[in-house]
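Dear colleague,

Please find the structure below, handed over for your use. My notes on what was found in it follow directly after.

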Amino acid sequence: MIERPYAVVLNGTLQLGLELIIEAGQIVKIRPHTGLPGAYVLSAAFVNAHSHLEYRGLQDMLKAEEYFPWIREITEAKRSQMKEQVMADCELAAQENHKTGIARIGEHSDRPFSAVALRDAGIDGILFQELITFFERDSASDKIASVKQRLQKQAAVFPGESYLAPHTAYTVDATTLKTFKEGPPFSIHVAESKFENELFQSGTGPIADFYRANNMEPIVPGKTVVQTLQDWGLTREGAQFVHCCSINSEDVKILAASKVKVAHCPRSNARLKCEPAPVREMLDSGITVGLGLDSAASSGPIDMFAEMRATLSVSTQRGKPTTGEETWRMATCSESLPFQNPEPIWDIYEGSRTPLIKLHLQGALTTDDLIERGKPEHVEWLQTDENSPSPAHLGGERDKRGEV
């Protein structure tokens with residue numbers, strides 16, 4: 001089959017006058033137009049580097065305006081949710097991810113319902129079953145065992161890699177955190193707010209106050225959370241750090257040297273009044289950064305175009321802007337997920353099997369224009385011939401992925 005868009009996004013750059021020959025789901029030739037083009041742009045599908053599907057039902061429901069009060073509010077709200085409600089929320093959020101052009105996801109799951117929703121939506125990636133050991137009725141070992149059972153249940157149906165993941169450095173005990181210094185990939189929320197650094201550097205701030213209100217004295221290494229995690233062995237290949245808002249230049253150097261990947265969630269960060277993440281500095285240091293839509297409870301509607309616009313806006317306000325091309329690359333960056341079995345580059349090139357989307361946006365001549373005007377309703381999935389694999393599962397079968 002021949003796809004003849006008026007433009008193609010190659011490595012984040014909009015290029016005019018190219019057509020693709022696709023056979024059995026694989027791009028076999030990219031060449032100049034041989035006929036009249038259609039009124040659409042062709043792009044690699046998006047990758048959502050950080051997601052919480054199960055919070056979809058809490059969109060516009062939480063009132064707290066800052067990070068830690070919001071964390072306490074969502075923790076309470078979760079307790080009132082019924083199983084059937086959360087299952088339906090996961091299904092809706094997965095479908096909305098698909099509608100905005102996402103074929104791959106870094107899903108962070110507490111309850112065991114996201115895997116079925118992602119499978120049904122045709123989305124793969126990595127599913128992280130989140131672990132919290134702070135303020136639990138059970139011992140840490142009992143909690144780990146119960147979370148692993150949820151992970152096994154989800155891994156049985158999820159069409160991607162599945163791993164245990166510590167929630168944050170302040171909600172998982174230090175002994176358990178140190179077990180992640182080796183082994184499979186993991187993802188962890190890091191330095192989402194300044195309060196984490198206050199906790200670890202000086203034992204002050206609302207998180208430290210919460211510890212003491214629950215008769216626990218916090219560990220105070222006298223270092224930033226990134227530097228503390230480095231001491232504990234968690235800054236390593238196979239690690240994805242989410243948010244990284246409150247990090248300094250030394251922290252950036254540590255992440256770059258350790259090959260830690262970062263998920264950037266600008267809409268969620270802004271909603272919770274977190275510091276703007278130093279994305280320009282991270283990119284310049286060689287850190288792999290992807291875009292995450294986080295949860296609808298903090299980011300709002302599931303919309304990758306809105307996330308890209310927020311990325312550009314926040315970086316511009318910092319005075320250290322990212323470009324449209326860089327931002328598009330972050331939105332299509334499968335490498336931002338710490339796969340144990342990495343796959344070929346996620347982009348459009350001869351030999352690629354990356355799933356593709358059509359963007360029905362007439363007259364867009366730059367990547368910035370696509371970002372500015374793009375909406376989920378402009379997305380159409382490219383259907384290849386009937387012998388090709390399902391678009392979201394082009395990476396191979398489940399048994400070729402990492403072990404659970």
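Thr176 counts as buried because its relative accessibility is 7%, where buried means under 20% relative accessible area, exposed over 50%, and partly exposed in between (1.4 Å probe, protein chains only). Thr176 belongs to helix 5, residues 174-177. Apart from neighbours within four places in sequence, Thr176 is in contact with Leu131, Thr133, Ala140 and Ile144; contact means heavy atoms within 4.5 Å.

Please note that this is a predicted model, in which local features need pLDDT of at least 70 and side-chain atom pairs count only at pLDDT 80 or more, while totals for chains, interfaces and linings use all residues. Residues are numbered from 1 along each chain as its sequence is written, and side-chain values use heavy atoms, with hydrogens and water left out.

The chain as a whole

The chain contains 15 helices and 16 strands; helices (H or I, at least four residues) and strands (E, at least two) are DSSP runs, numbered from the N terminus. Its radius of gyration, 21 Å, is close to the 22 Å that the globule rule gives for 404 residues, so the chain is as compact as a globular protein of that length. The radius is taken over C-alpha atoms, and the rule is 2.2 Å times the number of residues to the power 0.38. Along the principal axes, the C-alpha atoms fill a box of roughly 70 × 45 × 40 Å.

Of the 404 residues, 58% are buried. Among contacts with a separation of 6 or more, 71% come from residues 24 or more positions apart. The chain exposes about 16300 Å², of which carbon and sulfur atoms supply 50%; these areas come from the Shrake-Rupley method with a 1.4 Å probe, and for residues only the protein chains shown count as cover.

The loop between strand 11 and helix 6

Ser193 sits in the loop between strand 11 (186-190) and helix 6 (194-202). With 4% relative accessibility, Ser193 is buried. A polar atom of the Ser193 side chain lies 3.1 Å from the backbone nitrogen of Phe195. Beyond its neighbours within four places in sequence, Ser193 is in contact with Tyr67, Ser246 and Cys274.

Ala191 is placed in the loop between strand 11 and helix 6 as well, and is buried at 0% relative accessibility. The phi of Ala191 is near 50°, a positive value in a residue other than glycine. Most residues other than glycine have a negative phi.

Lys273 also has a positive phi, of about 55°, although it is not a glycine. Lys273 lies in the loop between helix 10 (266-271) and helix 11 (279-284), and its relative accessibility of 52% makes it exposed.

Two pairs of residues

Pro69 is part of helix 1, residues 67-79, and is partly exposed at 43% relative accessibility. Pro69 and Pro206 are 137 residues apart in sequence and 8.9 Å apart in space, C-alpha to C-alpha.

Leu92 is found in helix 2, residues 83-99, and is partly exposed at 38% relative accessibility.

Technical notes: A polar contact is a pair of N or O atoms within 3.5 Å; within protein, one must be able to donate a hydrogen and the other to accept it, and residues adjacent in sequence count only if both atoms are side-chain atoms.
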